[in-house]
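Biologist: I have a structure open and need a quick tour. Can you walk me through it?

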Amino acid sequence: MFAERPVDRMSAMDCLQISEWGGDLERAERARPDPGEGEVLIDVDATSVGLTVANVIEGDLGDDPADLPRIPGHEIVGRVADAGSGVTGLEEGDLVAAYFYLSCGRCDACLRGADSLCANLDGFVSVDVDGGFAEYAALPARNAIEIPDTLNPVGATVIPDAIATSYHVMNQRADVDPGGEVLILGAGGGVGIHLVQMAQLFGASVTAVDRTRSKLECCRELGAERVVNTATDSLEDALETIGTTYDAVVDFTGATDLLEVAHSSLAARGRLVNLTTFPGRSIDLSPREQVFGETAVVGSRYCSKYELRRSATLVANGDIEPIVTETASLSEVPQLLDRIRAGDVIGRGAVVL
Ligand SMILES: [Zn+2]
């Protein structure tokens with residue numbers, strides 16, 4: 001139930017915003033958003049701070065000047081505080097996490113549970129509507145996914161992207177049987193570090209590849225069977241020494257030299273799963289090799305809403321540990337983001353509101 005007349009609806013709120021794509025985060029005071037038809041107002045508890053946020057600020061997912069000023073932050077966790085007309089199924093006080101893509105819910109892709117492949121995609125939370133670096137955020141109600149009430153909101157910030165993206169990889173794209181081998185390129189990143197855990201939950205052994213020793217140590221602690229540091233060792237030599245083949249290679253680097261080496265380490269019917277791409281960058285693969293091994297190269301894009309909810313259940317059950325190693329106040333976010341850009345933060349950071 002929502003109160004007839006929400007108290008202080010027009011009062012101000014603290015936030016961080018950008019006034020130009022690629023510009024700096026600025027502290028600002030804005031009017032608390034008024035949820036429109038089909039929208040909910042979320043009283044934000046915490047929002048993650050990671051590399052995707054940095055990329056969004058750069059304009060990688062959209063750079064329309066008409067969308068400015070914009071409040072970044074897409075991995076939002078908070079409680080429903082109010083709703084516009086036509087919202088059903090959510091109550092005041094429900095703990096929710098934001099689904100990143102503004103999908104329509106009606107097209108064939110959405111109906112088959114592939115929300116991230118929506119044919120009528122309306123953009124992204126924190127790009128086309130304001131995100132969670134603010135005390136409150138108004139989102140379409142269909143983007144507010146209820147998660148277990150017992151979850152710690154700070155840890156839960158990595159559920160809607162980092163953990164759910166990993167879930168989608170293992171649930172839909174990697175096709176690895178229990179007992180399989182998974183090679184993760186960029187395993188120490190915000191998504192990769194959770195895939196290290198998710199792959200094991202799906203019954204696979206993990207080889208983690210990264211360029212930072214502390215991140216690889218974290219991968220080890222989280223159960224990675226083997227680690228390869230490409231800052232000091234060549235991937236080709238390391239894989240030859242390891243001497244195994246992989247049922248799936250999952251890439252978060254977009255580094256073509258690594259991809260070509262890793263592709264040749266695929267087992268029969270192995271899959272190369274791409275998540276990180278750069279415009280104009282492509283790799284040279286031999287169709288002959290693919291035929292002889294029946295290997296496949298597939299893409300993996302974000303997750304479905306169902307997978308987001310399942311990911312929340314896994315965290316609530318203690319099966320996946322959210323790796324949020326730093327927290328910040330709104331005013332500390334710019335410095336935290338600089339350290340994330342420099343690769344100095346393991347897992348994700350979070351701003352606590
Ligand atoms: Zn759709």
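Modeller: We will go through an annotated region, some helices and a few single residues. Keep in mind that this is a predicted model.

Biologist: What does the UniProt annotation cover?

Modeller: The record gives "domain: Enoyl reductase (ER)" for residues 22-351. That entry is unreviewed.

Biologist: How much helix and strand is there over residues 22-351?

Modeller: The chain there is 28% helix and 24% strand. The end C-alpha atoms of that stretch are 20 Å apart.

Biologist: On to helices. At what angle do α1 and α11 pack?

Modeller: About 105 degrees. Helix α1 spans residues 51-58, and helix α11 spans residues 333-341. Their axes are 9 Å apart.

Biologist: And why call them roughly perpendicular?

Modeller: Angles from 65 to 115 degrees count as roughly perpendicular. The α1 and α11 pair packs at about 105 degrees, so the two helices are roughly perpendicular to each other.

Biologist: Which residues make the contact?

Modeller: From α1, they are Leu 51, Val 53, Ala 54, Ile 57 and Glu 58. From α11, they are Leu 337, Ile 340 and Arg 341. By class, that contact has 6 nonpolar residues, no polar ones and 2 charged ones.

Biologist: What about α7 and α8, how do they cross?

Modeller: They cross at roughly 20 degrees, and their axes come within 10 Å. Helix α7 is residues 235-242, and α8 is residues 256-263. Angles under 35 degrees count as roughly parallel, so α7 and α8 are roughly parallel to each other.

Biologist: Left-handed or right-handed crossing?

Modeller: The crossing of α7 and α8 is right-handed. Leu 235, Glu 236 and Leu 239 of α7 meet Leu 258, Val 261 and Ala 262 of α8. Those contact residues divide into 5 nonpolar, no polar and 1 charged.

Biologist: Next, α4. How many of its residues are buried?

Modeller: 12 of the 15 residues in α4, which runs over 159-173, are buried. So α4 is largely enclosed by the rest of the structure. Among the buried ones are Ile 159, Asp 161, Tyr 167, His 168 and Met 170.

Biologist: What comes just after α4?

Modeller: Asp 175, with a positive phi of about 55 degrees.

Biologist: Where does Ser 126 sit, and what is its phi?

Modeller: Ser 126 is in the loop between α2 and β6. Its phi is near 85 degrees, a positive value in a residue other than glycine. Ser 126 is also buried, with a relative accessible area of 1%.

Biologist: Then Glu 294: buried or partly exposed?

Modeller: Partly exposed, at 46% relative accessibility. Glu 294 lies in the loop between α9 and β13. Its phi is positive too, about 45 degrees, although Glu 294 is not a glycine.

Biologist: Which peptide bond is cis?

Modeller: The bond from Leu 68 to Pro 69 is cis, with omega near -10 degrees. Pro 69 lies in the loop between α1 and β4.

Biologist: Last one, Thr 47. Which strand is it in?

Modeller: Thr 47 is in β3, residues 39-49. At 0% relative accessibility, Thr 47 counts as buried.

Biologist: What does Thr 47 touch beyond its neighbours within four places in sequence?

Modeller: Its contacts include Gly 73, His 74, Glu 75, Phe 133 and Val 351. Also, the C-alpha atoms of Thr 47 and Gly 131 are separated by 8.7 Å. Those two residues are 84 residues apart along the chain.

Notes. Residues are numbered from 1 along each chain as its sequence is written. This is a predicted model: local features need pLDDT of at least 70, side-chain atom pairs count only at pLDDT 80 or more; totals for chains, interfaces and linings use all residues. Side-chain values use heavy atoms; hydrogens and water are left out. Axes are lines fitted to C-alpha atoms, for helices over the stretch in contact, and angles run from 0 to 180 degrees between N-to-C directions. Helices (H or I, at least four residues) and strands (E, at least two) are DSSP runs, numbered from the N terminus. Angles under 35 degrees count as roughly parallel, over 145 as roughly antiparallel, 65 to 115 as roughly perpendicular and the rest as oblique. A crossing is left-handed if the near helix is turned anticlockwise from the far one by less than a right angle, and right-handed if clockwise. Contact means heavy atoms within 4.5 Å. Ala, Val, Leu, Ile, Met, Phe, Trp, Tyr, Cys and Pro count as nonpolar, Asp, Glu, Lys and Arg as charged, and the others, Gly among them, as polar. UniProt positions are given in the numbering used here, feature names are shortened, and annotations may be inferred rather than shown by experiment. Buried means under 20% relative accessible area, exposed over 50%, partly exposed in between (1.4 Å probe, protein chains only).
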